[in-house]
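Student: Please take me through the metal site in this model. I would like one close look, residue by residue.

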Amino acid sequence: MLYIGSHVRFNNEQLLGSVKEALSYGANTFMFYTGAPQNTIRSNINDDLLKEAHKLMINNNIDINKVICHAPYIINLANNEDESKYLFSQEFLRKEIDRCMTLGIKYLVLHPGSAVKLDKISAINNILNGLNNILREDDNITVLLETMAGKGTEIGSKMDEISTIINGVYLKEKVGVCLDTCHLNDSGININDFDKYLDIFDKYIGINKIGCIHINDSKNEISSHKDRHENIGFGTIGFKTLLNVIYNKRLEDIPKILETPYIGDNPPYKYEIEMIKNKAFNDKLKDILSKEEA
Ligand code: FE
Ligand code: FE
Ligand code: ZN
């Protein structure tokens, strides 16, 4: 079954607002941040809103097991030069895991982190030590390490970096991977040959470890290490190639999440989800949305 959705907001209505937004796009899953992705200000979970959110999901066949939360960017487990920042990242990630469990969410996407001035091996060790410090046996969640574009000193743009982290975590069943098509392209993977990538991925990590796929086109050429998302079909990867990822038989039950840019003030997701369901590219998308009132 196709599980398709997009990034949605999480504002004063909390998860209930996220569900409503997802439904307005015709989505059957979604991804949210528990607050602004750039900061750590988080409000308490409201029980009544949460109950309503769960009810709305059930009534609309949204399987909460396929809904994704994304941890904020400011968590950086890779660098421990400033001990207090390193500890803060761990504490904040721990709180995010607890928040997800309160909400009933099973998947939390995490950027592995940036090495900054450290060498890669130290950075990878910091990441897996950080995860080992915070993951608990009774956690009912999978932390998905996202494949990164390799911008700056980002860890996670190479398969062996991801596999080294997973292999170093004691509670391996609590970690998985989130693929991002824009990041893969920018890191040097030819998405046209996606099955070849999956073969290698299966050999070194295991396809069963993939918990989510971010579907984004890229503004830049393969191996650019830039990480600039483009609307599907408008970038260097192209609509057909992205469709082949979305409908790949080996990835059938994995939620696919759009993180494509707004056009002006308008979210493109309703149209992009429609294109995906109809398997037909709408080359007027940007014209239509740039003229629409926000
Ligand atoms: Fe991400
Ligand atoms: Fe992503
Ligand atoms: Zn990105």
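Tutor: Start with the zinc ion (ligand 3). His183 (NE2), Asp227 (OD) and His229 (NE2) coordinate the zinc ion at 1.9 to 2.3 Å. Keep in mind that this is a predicted model. Along the sequence, the zinc donors follow the spacing H-x43-D-x1-H. His183 and Asp227 link distant parts of the chain, 44 residues apart. His183 belongs to helix 6 (residues 181-187). Asp227 sits in the loop between strand 8 (217-218) and strand 9 (229-230). Both His183 and Asp227 are buried.

From zinc, step to iron. The zinc ion (ligand 3) and the iron ion (ligand 1) are separated by 5.4 Å. Another 3.3 Å separate the iron ion (ligand 1) from the iron ion (ligand 2). Glu146 coordinates both of these iron ions.

Now the iron ion (ligand 2) itself. Its protein donors are Glu146 (OE), Asp180 (OD), His214 (ND1) and Glu259 (OE). They lie 2.0 to 2.2 Å from the iron ion (ligand 2). What makes the arrangement of the four donor atoms irregular? The angles they subtend around the iron ion (ligand 2) run from 81 to 171°. In sequence, the donors of the iron ion (ligand 2) are spaced E-x33-D-x33-H-x44-E. Within this set, Asp180 and Glu259 link distant parts of the chain, 79 residues apart. Asp180 is in strand 6 (residues 175-180). Glu259 lies in the loop between strand 10 (256-258) and helix 9 (269-278). Both Asp180 and Glu259 are buried.

One more point concerns the cysteines. How many disulfides does the structure hold? The count is zero. Take Cys100. Its closest cysteine sulfur is in Cys69, at 3.7 Å, which is too far for a bond. The cut-off for a disulfide is 2.5 Å between the sulfur atoms. Cys100 is buried, with a relative accessible area of 0%. Cys178 is in no disulfide either. For Cys178, the nearest cysteine sulfur is that of Cys212, 3.9 Å away. Cys178 is also buried, and its relative accessible area is 0%.

To put the site together: zinc (ligand 3) is held by His183, Asp227 and His229. Iron (ligand 2) has Glu146, Asp180, His214 and Glu259 as its protein donors.

Key:
Residues are numbered from 1 along each chain as its sequence is written. Chains are lettered from A and ligands numbered from 1 in the order in which they are written. This is a predicted model: local features need pLDDT of at least 70, side-chain atom pairs count only at pLDDT 80 or more; totals for chains, interfaces and linings use all residues. Side-chain values use heavy atoms; hydrogens and water are left out. Donors are N, O and S atoms within 2.8 Å of the metal (3.2 Å for Na, K and Ca); water is not among the atoms, so sites may look incomplete. Four donors count as tetrahedral if all angles lie between 85 and 135 degrees; four count as square planar and six as octahedral if opposite donors are over 155 degrees apart and all others between 65 and 115; anything else is irregular. Helices (H or I, at least four residues) and strands (E, at least two) are DSSP runs, numbered from the N terminus. Buried means under 20% relative accessible area, exposed over 50%, partly exposed in between (1.4 Å probe, protein chains only).
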